[in-house]
Amino acid sequence: PLALGVLALTGAFTTLMRLLAIVLSPSLAVLAVARNVLAEAVRLRVSLLFIVLLIFGLAALPGLLDPAQPLRYRVQSFLQYGTGGSFWLIAVLTVVFAAATVAFEQRDKVIWQTMTKPVAPWQYILGKWLGVSALAAVLLTVSASGIFLFVEYLRTQPAQDERSAYVAAAGQGITEDRLALETQILTARVARTIDDAELDDEQFEKNVEGRVEQELAALEEAGISLEERQSRRMQVAAKVRDSLRKSVQQVYRAIEPGQGEYFRFSGMKDARESELPLILRMKVDAGSNRPDAVYRVTMEFPASPRGGVQVEEVVLGQFMVFRLLPGVVDADGNVLIHVVNGDALRRTVNPETISFPPDGLEMSYVVGGYRANFARVMAVLWVKLAFLAMLGVCASTFLSFPVACLVSLTVFVSAEGAGFLLDALQNYATEDRDGKMLLVPTLIAQVARVVGTAFKVYAELKPTGRLVDGLRLGWGAVAGGAGVLAVWTVLLYGAAVLIFRRRELATYSGQ
């Protein structure tokens, strides 16, 4: 019920804010500034508006789920919209409030009263950041608690084809919906993609050199001078090498009708010792991926004690999930799979060549529980919010409130979209058909590449996506991402302190 949800979340927020006030009660300059920030957060209407939106949104979200859907889809939808929506709302609040708490004090000359007291610039900036980060932590804790408790509630609801939770309607076994929920979503899995095709390095470099000479010859016919051709040789070689490597892998992942290909997943020794099933995720492309076409694909696992031959019907252009026994992993921790484009048992073939995209063959296995993974995801989200808090504080030390918000939100959106940006650059043309460089697209590509590379680690964390897909966010990834964001936060803090020391915060009026 919406009323009970709002009441519970509001009570949790109030309790945490009071506890935080107690924690920040010691008489220290930094903590005093942080306490004032929290008091300001409760007093400002903007902060109150965001808090109300967050609480009402989380309380109302469960009522929007369709009870007719399979349980696994309802849980995934709630995790996706609950976690992602809460983070974005808190992130916008963090940026806006961090900019407001510094910019408004300078605009209203309140800063003069603070800085005339024994408060150094570094203490002021640190206190502001601490207060905003603490507010973000409270809001994230409230959101995470509501999301976690409702997911646990959903988990105890009957799944599809169950008469009660964990009891199949047929009275035996476990339903497909429950099995998918417990082994694919509410868990922590490690995923592996197939190894790349092995290349003969010597022959590969010869092929690259041949293609480079062809490209340079085409430039010569186009009237490009010798000096310019020589200066562009390394650039052309790098482009050809990357393109040729991708082409080789594409050919490796393509199988003609009636033919087969061996693919290997390495580094899965832990999965062999597990008693839980492995998850094979497959996406098959063929022709135009007609939605009404169904292909039969044969998969053989040589390491399986029973031969491991199975034929599956696949829908083109969509991910299909198959469960495998741990016996498909050999003694070296590898899974070898032989895929045949056709039905080897019926001796029939599919009409067209099938292919797999780079992520079209993925093997995963369970290595941990959902609850610990949820905690790690929330820790990463708070680190992101702490970075945004320092970004907003730093921007507002020398910019007005609207401009500081605009700059901070632009950086935030760029960081969140860095992964998509780098992927899109692979298909972005910077040359015409004759190989001549296009100035404007090249400049756009260079700027986009710099932005994407700068926030690559930030974007690769993908905590919400990992949580929704049941993939493990390991401590190594958490430490690496947190370390990079911590370095950026410290650099922004140093810049903010340096700027603040040089600012003329108040002018004596003579009165």
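Biologist: What should I know about the model before we start?

Modeller: It's a predicted model: local features need pLDDT of at least 70, side-chain atom pairs count only at pLDDT 80 or more, and totals for chains, interfaces and linings use all residues. Residues are numbered from 1 along each chain as its sequence is written, and side-chain values use heavy atoms, with hydrogens and water left out.

Biologist: Okay, what is the secondary structure of the protein?

Modeller: You get 18 helices and 14 strands. Helices (H or I, at least four residues) and strands (E, at least two) are DSSP runs, numbered from the N terminus.

Biologist: Where is Thr175?

Modeller: Thr175 sits in the loop between strand E2 (167-168) and helix H7 (176-185).

Biologist: And why does Thr175 count as buried?

Modeller: Buried means under 20% relative accessible area, exposed over 50%, partly exposed in between (1.4 Å probe, protein chains only). Thr175 has 7% relative accessibility, so it counts as buried.

Biologist: What does Thr175 touch?

Modeller: Leaving out residues up to four places away in sequence, Thr175 touches Ala159, Gln160, Asp161, Glu162 and Ala168. Contact means heavy atoms within 4.5 Å.

Biologist: Why are Cys394 and Cys405 called buried?

Modeller: Cys394 comes out at 7% relative accessibility, so it counts as buried. Cys405 has a relative accessible area of 9%, so it is buried. Across the protein, 43% of the 511 residues count as buried.

Biologist: How many disulfides does the structure hold?

Modeller: The structure holds 0. A disulfide is a pair of cysteine sulfur atoms within 2.5 Å.

Biologist: Now the sheet: in what order do its 4 strands come?

Modeller: The order is E3-E14-E6-E9, an open sheet with antiparallel pairing. Strand E3 (188-193) and strand E9 (319-324) are the edge strands, as each pairs on one side only.

Biologist: How many bridges join strand E6 to E9?

Modeller: There are 6 bridges between strand E6 (residues 278-283) and E9, running antiparallel. Two strands pair if DSSP finds at least two bridges between them.
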